[in-house]
Amino acid sequence: MSKPKLIKFEEYKQFPNTFDVEDTANKGQWRKIFGNDNPIVIELACGKGDYTVGLARMNPEVNYIGIDIKSNRMWTGAKAALDEKLTNVRFLRTHIDHITEFFDTNEVDEIWITFADPQPHKPRKRLSSYKFLNLYRQIAGERTLVNIKTDSDLFYESSLEQAQQDQLTILSKIDNVYLMNPVPEFLKIQTYYEKMWLGMGRTIKYCQFVLGNCESQPIEEED
Ligand SMILES: C[S@@+](CC[C@H](N)C(=O)[O-])C[C@H]1O[C@@H](n2cnc3c(N)ncnc32)[C@H](O)[C@@H]1O
């Protein structure tokens with residue numbers, strides 16, 4: 001049986017590889033925290049941190065930070081990273097809207113967004129909306145890659161539409177990941193939500209684009 005939420009909240013705080021909403025002093029200090037100059041990749045809305053931990057296993061020379069507001073979910077990834085002695089993994093509890101309080105200009109090298117809420121009625125709240133892309137540009141350089149994996153046609157199409165409107169370079173656009181032959185190792189990692197959506201017969205999509213240095217504007221459907 002899964003541990004009760006309250007115990008996970010407490011244990012998350014005690015884990016040596018986790019940070020919480022008050023840890024804003026880490027801004028600009030992440031390479032010191034990892035003790036190396038390796039690239040820093042963040043996973044936004046990471047849930048249980050399946051991608052953070054999965055990618056960290058594959059790439060020990062890259063630092064990964066999973067970010068979510070729910071520490072009881074991140075507990076799973078943080079515990080796995082500790083059990084496996086993965087030194088290139090950290091977790092941070094914050095609202096993504098506050099991300100600039102935790103990272104300095106150019107501190108982030110790559111971004112992953114996995115199975116985020118498509119926010120059908122609040123497009124501005126979508127993690128790939130113009131509002132969030134402009135936020136990411138405050139912490140990540142113009143060459144930063146943004147990776148999106150989703151079951152949602154709305155999230156996928158609107159992310160690509162935003163990237164096209166901003167004239168960003170789209171490097172990858174895969175309408176059905178599991179029709180690829182072979183499926184690249186980094187796309188074989190499956191999150192908790194991905195497994196759930198696959199079980200319901202949903203198609204998994206992936207795209208990757210370059211963040212760029214423009215100022216994104218709302219796309220037309222937006223409020
Ligand atoms: C649908 S779940 C996906 C979790 C994980 N990526 C997966 O695929 O299993 C969405 C996650 O986004 C988090 N979330 C949503 N909005 C957020 C925000 N503004 N800031 C931080 N986390 C957020 C939720 O707590 C939740 O864990």
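1. Helices α1 and α4 cross in a left-handed sense. This is a predicted model. Helix α1 covers residues 5–14, and its axis lies 8 Å from that of α4, at an angle of about 60°. That angle makes α1 oblique to α4.

2. On the α1 side, the residues that meet α4 are K5, K8, F9, E11 and Y12. Their partners in α4 are S71, N72, M74, W75 and A78. Sorted by class, the contact of α1 with α4 contains 5 nonpolar, 2 polar and 3 charged residues.

3. Helix α4 (residues 71–83) also packs with helix α3 (residues 50–58). Here the axes come within 8 Å and cross at roughly 20°. Because angles under 35 degrees count as roughly parallel, α3 is described as roughly parallel to α4. The crossing of α3 with α4 is right-handed.

4. Which residues make the contact between α3 and α4? From α3 they are D50, T52, V53 and A56, and from α4 they are G77, A80 and A81. In the contact of α3 with α4, 4 residues are nonpolar, 2 are polar and 1 is charged.

5. The ligand is surrounded by 19 residues. The closest of them are A45, G47, F115, T191 and Y193. Which helix gives the most residues to the shell around the ligand? Helix α8 (residues 192–199) does, with 3 residues.

6. By class, the shell around the ligand has 8 nonpolar, 4 polar and 7 charged residues.

Note on methods
Residues are numbered from 1 along each chain as its sequence is written. This is a predicted model: local features need pLDDT of at least 70, side-chain atom pairs count only at pLDDT 80 or more; totals for chains, interfaces and linings use all residues. Axes are lines fitted to C-alpha atoms, for helices over the stretch in contact, and angles run from 0 to 180 degrees between N-to-C directions. Helices (H or I, at least four residues) and strands (E, at least two) are DSSP runs, numbered from the N terminus. Angles under 35 degrees count as roughly parallel, over 145 as roughly antiparallel, 65 to 115 as roughly perpendicular and the rest as oblique. A crossing is left-handed if the near helix is turned anticlockwise from the far one by less than a right angle, and right-handed if clockwise. Two residues are in contact if their C-beta atoms, placed from the backbone, lie within 7 Å. Ala, Val, Leu, Ile, Met, Phe, Trp, Tyr, Cys and Pro count as nonpolar, Asp, Glu, Lys and Arg as charged, and the others, Gly among them, as polar. A residue is near a molecule or strand if its C-beta atom, placed from the backbone, lies within 6 Å of it.
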